[in-house]
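Subject: Structure handover

Hello,

Here is the structure for you to look over. My notes follow below it.

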Amino acid sequence: MSHRPGPEGPHDGPSAIVVGADGSDTSMRAVAYAIGFARRQGTRLVIVYARTPGGGIGAMMDTTGTGQAAAMGEQDRIEVMLRELLEQALAIGTRTELVVRVGDPFQVLCQVAREVRADCLVVGSSTSFGHRIAGSLAVRLVRKAHWPVTVVP
């Protein structure tokens, strides 16, 4: 990493850290870890939340709309929770921003990491049994992304 000036003088750590959040316990631990890491390094933190798009086979089968409304309510709740964490991070002096986009979490994280020229990514580990078979976001990032990845248990 290059030696570059920052607001507090010379800076020798990462210039931007991107953390993925989806509201799960492990992703919230990843956000907490990334906030502390960014604060200690004096660097910018970008919290990324990839909302799932509406529609699909589940939406077609849900003629009442209650399933889609519940999913949107949950996504809204997660976004509010992340905005509260953003305010807490800013209050302790961590340069932090929240990016919310619709799409596949892997694609969204990679796109934001490229845009902000991230030095590393932080994500929570998956606790889903299905991910042991199909592969989790963390595994996909480690295998296919172009940044160092920290996986928080």
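In what order do the elements of the protein chain run from the N terminus on? The order is β-β-β-α-β-α-α-β-α-β-α-α-β. That makes six helices and seven strands. Helices (H or I, at least four residues) and strands (E, at least two) are DSSP runs, numbered from the N terminus.

Two notes on the source. This is a predicted model, in which local features need pLDDT of at least 70 and side-chain atom pairs count only at pLDDT 80 or more, while totals for chains, interfaces and linings use all residues. Residues are numbered from 1 along each chain as its sequence is written, and side-chain values use heavy atoms, with hydrogens and water left out.

The sheet

Five strands form an open sheet. Their order is E5-E4-E3-E6-E7, and the pairing is parallel. Two strands pair if DSSP finds at least two bridges between them. Strand E5 (96-102) and strand E7 (149-152) stand at the edges. Each has a single partner strand, so one side of each has no neighbour in the sheet. Neighbouring strands are turned by 20 degrees against each other on average, direction ignored. For angles, axes are lines fitted to C-alpha atoms, for helices over the stretch in contact; angles run from 0 to 180 degrees between N-to-C directions.

Now the pairings. E4 and E5 are parallel and share seven bridges. Val-48 has Val-99 in E5 as its bridge partner. E3 and E4 also run parallel, joined by five bridges. Here Val-18 is partnered by Val-46 in E4. The chain goes from E3 through H1 to E4, and this β-α-β crossover is right-handed. That term applies if, with the strands pointing away from the viewer, the path from the first strand over the helix to the second runs clockwise. E3 and E6 pair in the parallel sense over three bridges. In E6, Leu-121 is the bridge partner of Val-18.

Is E3 buried or exposed? Five of its five residues are buried, so E3 is largely enclosed by the rest of the structure. Buried means under 20% relative accessible area, exposed over 50%, and partly exposed in between (1.4 Å probe, protein chains only). Both faces of E3 are covered. Ala-16, Val-18 and Gly-20 are on one side, with Ile-17 and Val-19 on the other. Over the protein chain, buried residues make up 38% of the 153 residues.

Helices on the sheet

H1 lies across E3, E4, E6 and E7. It runs at about 145 degrees to E6. Helix H6 (residues 137-144) packs on the sheet too, touching E6 and E7. The direction of H6 makes about 160 degrees with that of E6.

The cores

The largest nonpolar core has 22 residues. Such a core is a set of buried Ala, Val, Leu, Ile, Met, Phe, Trp, Tyr and Cys residues joined through side-chain atoms within 4.5 Å. Those with the most contacts inside it are Ile-17, Val-19, Val-31, Leu-45, Ile-47, Leu-82 and Val-122. Strand E3 (16-20), helix H1 (25-41), strand E4 (44-51), helix H3 (66-91) and strand E6 (120-124) each supply at least two residues. The largest share, seven residues, comes from H1.

What does Ile-47 contact, leaving aside neighbours within four places in sequence? Its contacts (heavy atoms within 4.5 Å) are Val-19, Ala-21, Val-31, Leu-82, Thr-96, Glu-97, Leu-98 and Val-99.

Tyr-33 and the aromatic pair

There is one aromatic pair in the structure. The rings of Tyr-33 and Phe-37 have their centres 6.0 Å apart and their planes at 20 degrees, so the pair is stacked. Rings of Phe, Tyr and Trp (its six-membered ring) pair if their centres lie within 6.5 Å; planes under 30 degrees apart count as stacked, over 60 as edge-to-face and the rest as tilted. Both residues lie in helix H1, four residues apart, about one turn of the helix. Tyr-33 is partly exposed, at 35% relative accessibility. Not counting residues up to four places away in sequence, Tyr-33 touches Val-122, Thr-150 and Val-152.

One backbone point

Arg-117 lies in the loop between helix H4 (105-116) and E6. It has a positive phi of about 55 degrees, although it is not a glycine. Most residues other than glycine have a negative phi. Arg-117 is exposed, with a relative accessible area of 66%.

Best wishes
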